Amino acid sequence: VVGGQGGAGGHSFYSEPRKIFGGPDGGNGGDGGHVILKADQQMKSLSSVLPFYQGFHGERGGIKNCYGANGAYLYVKVPVGTLVKEDGKVVADLTQHGEEYVAAYGGAGGKGNRFFLSNENRSPTTFTPGEPGQERVLHLELKTTAHAGLVGFPNAGKSSLLRAISRARPAVAAYPFTTLNPHVGIVHYHDYEQVAVADIPGLIKGAHQNRGLGMAFLRHIERCRFLLYVVDLSVSQPWIQLEDLKYELEQYQKGLSERPCVVIGNKIDLAQSRINLPLLKEHIADRVIALSALTGDNLEELLFCLRELYDAYVKTEQSRGERPVKW
């Protein structure tokens, strides 16, 4: 990003009939325009952001002490949840709708020759050019902002579940790591409340050490207000999956695994899953919802539970005097 260049100062002398030596009247140049990043909740990805932005230049100073016009501000819309980094350091975190960050300041306008008028110099010919705008190289990174995050191992059925409860259409296939990018689905309720659910790509053991898709997608879980752990009930000892998932989250960021959560036992339509369900409930203290994303069995209980978690989140934010995230 490059800020707009300031306009050059004017260089002129006032002159009219019978008043030849009217003195200097060159005005100052206008300031260059800033480049500003602005968070907009209507934007859902960084795909529309261009790799280069140049601010508008200020205009040159005019005669009769007229100042040049300032360059207009250039606004670049980015999604809510965008991190702005420079040289690997976070310089801005745009988490609220309408939040702004000045990515590059415009240069100051130059001085016209009228500015240099003094008792020692009654007819100055000096004027200054405008200063160049600030130039920076920034890295934008989007952390998906959603109310709930679907967390689980590959092929646990997260994408199938998101397809079942929303209109999102992530890819579904019989091989691991089908989902390579986070997908956000919206669950609509009768009172027009909307709950955003993010399908986070599958985690594996050692994800906090950047194995598998690792850190690239663990960071998306940071912004989720509550978590939905999806475990495959058809595998032996499904509670081991939950322990591994919570361990990976805790190793990535302390306290992440302690967020409000519910455990979803998927693939209850299989015979082995019905055998493992009571064993899972014995080994864990969290609430367990057994369902089948494929057949749609017991999805109503999940939707009711999702709304309970959302309402609890809204009350907590309001009690703190903060605005809850709305979609």
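## A covered strand

Let's start with strand β10, residues 226-232, which is mostly covered: 7 of its 7 residues are buried. Please keep in mind that this is a predicted model. The burial holds on both faces of β10, with Phe226, Leu228, Val230 and Asp232 buried on one side, and Leu227, Tyr229 and Val231 buried on the other.

## Partners of β10

Which strands does β10 pair with? Strand β7 (residues 148-152) runs parallel to β10 and is joined to it by 5 bridges. Within this pairing, glycine 149 has leucine 227 of β10 as its bridge partner.

Strand β11 (residues 261-266) also runs parallel to β10, and 6 bridges join the two. Here leucine 228 is partnered by valine 262 in β11. To get from β10 to β11, the chain passes through helix α3 (residues 238-252), and this β-α-β crossover is right-handed.

## Serine 257 in the loop

Between α3 and β11 there is a loop, and serine 257 lies in it. Is serine 257 buried or exposed? Its relative accessibility is 14%, so it counts as buried, the cut-off for that class being under 20%.

The side chain of serine 257 makes a polar contact of 2.5 Å with the side chain of glutamate 250. If neighbours within four places in sequence are left aside, serine 257 is in contact with Tyr229, Lys246, Leu249 and Glu250. Tyr229 is one of the buried residues of β10.

## Aromatic pairs

How many aromatic pairs does a search of the whole structure find? There are 2. Phenylalanine 115 and phenylalanine 116 form an edge-to-face pair, with 5.2 Å centre to centre and 85 degrees between the planes. Phenylalanine 116 has a relative accessibility of 27% and therefore counts as partly exposed.

Tyrosine 310 and tyrosine 313 also form a pair, and it is tilted because the ring planes stand at 50 degrees, with the centres 6.4 Å apart. Tyrosine 310 is buried, with a relative accessible area of 1%, and tyrosine 313 counts as buried at 7% relative accessibility.

## Charges over rings

The charged end of arginine 307 sits over the ring of tyrosine 189, 5.1 Å from its centre.

Definitions and conventions: Residues numbered from 1 in each chain as written. Predicted model: local features only at pLDDT ≥ 70, side-chain atom pairs only at ≥ 80, totals over all residues. Heavy atoms only, no water. Buried < 20%, exposed > 50% of the residue type's maximum accessible area, 1.4 Å probe, protein only. Helix = DSSP H or I, 4+ residues; strand = E, 2+ residues; numbered from the N terminus. Pairing = 2+ DSSP bridges. Right-handed = clockwise from strand over helix to strand, strands pointing away. Polar contact = N/O pair within 3.5 Å; in protein donor to acceptor, adjacent residues only side chain to side chain. Contact = heavy atoms within 4.5 Å. Phe/Tyr/Trp six-rings, centres within 6.5 Å; stacked < 30°, edge-to-face > 60°. Lys NZ or Arg CZ within 6 Å of the ring centre and 35° of its normal.
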